[in-house]
Amino acid sequence: MLRHRAIFILLMTLSISALAQKTPPKRELRAVWIATIGNIDWPSQKGLSAQQQQQEFIQYLDFFQSCGFNAVIVQIRPAADAFYPSPYEPWSLYLSGKQGTPPFPKYDPLAFMIHETHKRNMQFHAWFNPFRALVNSNANPNPPDHATRQHPDWIIRYGGKGYFDPGNPEARNYILKVILDVVKRYDIDAVHIDDYFYPYRIPGQAFHDEQSYQKYNNGMNKDDWRRNNVSLFISQLNNLIKKEKSWVEFGVSPFGIWRNAKQDPNGSETHGASCYDDLYSDILLWERNNWLDYLAPQLYWPCNSKAASYSVLLPWWMQHKGRNRMYIGLGLYRLAGANASSPWYGTSEILKQIRMARQEDADGLVFYSASSFAKISDAFADSLRRNYFSTIAFPPAMPWLDHTAPLPPKLYATQKSSGSLLLQWSDANPDKTHTKYAIYRFPGGTPVDLDDPGHIIALTQNDQFMDTHYTTNQNYHYVVTALDRSWNESQPSNIVTGY
């Protein structure tokens with residue numbers, strides 16, 4: 001009996017190892033949330049100099065790039081404030097330490113972050129908290145011309161915080177205006193909204209939106225009216241983004257439970273708060289109407305959770321994927337400080353969740369949050385580099401936004417006296433803005449197969465690449481492809497051979 005058990009454990013270990021060693025997917029969003037409210041992730045504290053802020057952000061980017069990530073989701077409007085010079089809202093206190101005071105020396109953090117992120121061939125998703133207005137409802141740090149002071153009727157105090165009333169059309173339009181200002185002025189890849197629509201319920205406390213309900217209910221009961229308010233906001237935001245810049249993605253990161261099965265036969269076998277009933281966000285309606293380009297549900301539970309199991313929620317979300325991309329939000333923060341009796345102890349649970357997401361054909365992974373990497377063992381980052389993110393991955397293309405691939409480059413090769421091989425190419429595409437080039441190398445006799453990311457040796461924005469690992473007499477074959485800002489990939493270039 002013990003021998004059989006030992007054999008079983010060995011087979012399971014080999015199976016897990018084989019899954020980890022399997023070539024990772026070529027198309028996969030690999031992202032991390034960078035939270036700014038309360039200086040959770042960045043900057044590490046209020047009042048740092050501009051140089052210190054920039055250095056911290058660059059260190060994050062370099063680390064994530066080394067691990068194989070291809071996107072960051074950065075919170076640029078945590079609470080009706082701004083990490084950029086805004087005509088509507090004050091500089092965030094999480095930068096300088098005082099609301100309305102810019103960093104010193106003054107610079108534009110958002111422009112800086114986008115530039116540095118794109119320089120590393122990574123996507124930048126601008127994360128907005130739409131309805132949170134005041135972190136402390138008893139202390140308003142904003143200037144006299146701020147919306148929280150000019151329009152106190154827009155603000156509802158609840159649980160010690162202040163929220164813009166989602167039922168007030170003027171408040172919703174104001175938030176839309178704030179977000180569209182960023183879409184117009186900055187080269188972001190996506191607008192990202194988190195899970196705070198109506199606030200999470202607090203037992204014994206009511207969200208006092210009676211005035212707007214009486215004025216705007218249109219005959220709906222309050223719950224349906226609240227859901228309709230959020231749906232109107234989502235549909236309008238999507239339309240405005242696409243009207244301004246058709247290529248900018250729109251994504252939402254909802255709470256991990258849409259509805260429980262005890263409330264709705266279409267719900268999941270879970271027991272807890274839900275998007276639909278508690279946050280008044282009807283995610284499935286948004287999917288059916290194609291108001292989203294991606295979802296990143298926050299599945300922060302272990303597989304053995306009785307109330308809400310990752311192994312239950314993951315397939316539920318994948319079954320309700322719709323047209324949009326589905327990125328799975330993983331709670332990396334759970335590992336920090338986990339004791340030996342916790343399912344989050346070590347790396348086995350989080351690595352298992354990555355494997356399960358890939359088995360379910362999820363389009364990507366998003367980890368919460370950036371600072372968690374410094375609070376846990378280096379073993380996790382090492383596993384990403386060596387196994388799970390060991391090959392270059394492109395973010396998934398979204399053909400409903402743009403499906404036209406660029407033209408293939410024309411490739412040339414020159415062997416250098418140093419023994420390296422210089423690859424150079426020309427590009428016939430008239431618009432080279434945001435163009436990237438993938439270099440593929442295949443051993444002699446291996447057919448050119450662009451579906452295998454194991455052969456991608458570099459991703460660059462330059463028009464040349466020096467293969468310093470080139471070895472003579474290996475008969476390597478090379479091709480280069482072009483990728484546009486929407487990550488549509490061209491056909492391969494002509495094949496060149498290095499001898």
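Select Val 191 in this predicted model. Leave aside its neighbours within four places in sequence, then show what Val 191 is in contact with. The list includes Ala 126, Phe 128, Ile 179, Val 183, Leu 237 and Ile 241.

Now widen the view to the largest nonpolar core, which has 112 residues. Val 191 is one of the members that touch the most others there. Next, pick helix α6, residues 169–185. The largest share of this core, 9 residues, comes from α6.

A second core is separate and holds 16 residues. Find Ala 35, Ala 190, Tyr 300 and Tyr 368 among them.

Move on to a helix pair. Select α2 (residues 50–67) and α13 (residues 378–388). Their axes lie 8 Å apart, and the packing angle is about 50°. The two helices are therefore oblique to each other. Show Phe 63, Ser 66 and Cys 67 on α2; they meet Ala 381, Leu 384 and Arg 385 on α13. By type, the residues of this contact are 4 nonpolar, 1 polar and 1 charged.

Last stop: an open sheet of 4 strands. Trace the order β16-β15-β18-β19, where the pairing is antiparallel. β16 (456–460) and β19 (496–498) are at the edges with a single partner strand each, so one side of each has no neighbour in the sheet. From one strand to the next, the twist averages 25°. Zoom in on β18 (residues 476–483), which 3 bridges join to β19. Finish at Tyr 476, whose bridge partner in β19 is Gly 498.

Terms used:
Residues are numbered from 1 along each chain as its sequence is written. This is a predicted model: local features need pLDDT of at least 70, side-chain atom pairs count only at pLDDT 80 or more; totals for chains, interfaces and linings use all residues. Side-chain values use heavy atoms; hydrogens and water are left out. A nonpolar core is a set of buried Ala, Val, Leu, Ile, Met, Phe, Trp, Tyr and Cys residues joined through side-chain atoms within 4.5 Å. Buried means under 20% relative accessible area, exposed over 50%, partly exposed in between (1.4 Å probe, protein chains only). Contact means heavy atoms within 4.5 Å. Axes are lines fitted to C-alpha atoms, for helices over the stretch in contact, and angles run from 0 to 180 degrees between N-to-C directions. Angles under 35 degrees count as roughly parallel, over 145 as roughly antiparallel, 65 to 115 as roughly perpendicular and the rest as oblique. Ala, Val, Leu, Ile, Met, Phe, Trp, Tyr, Cys and Pro count as nonpolar, Asp, Glu, Lys and Arg as charged, and the others, Gly among them, as polar. Two strands pair if DSSP finds at least two bridges between them.
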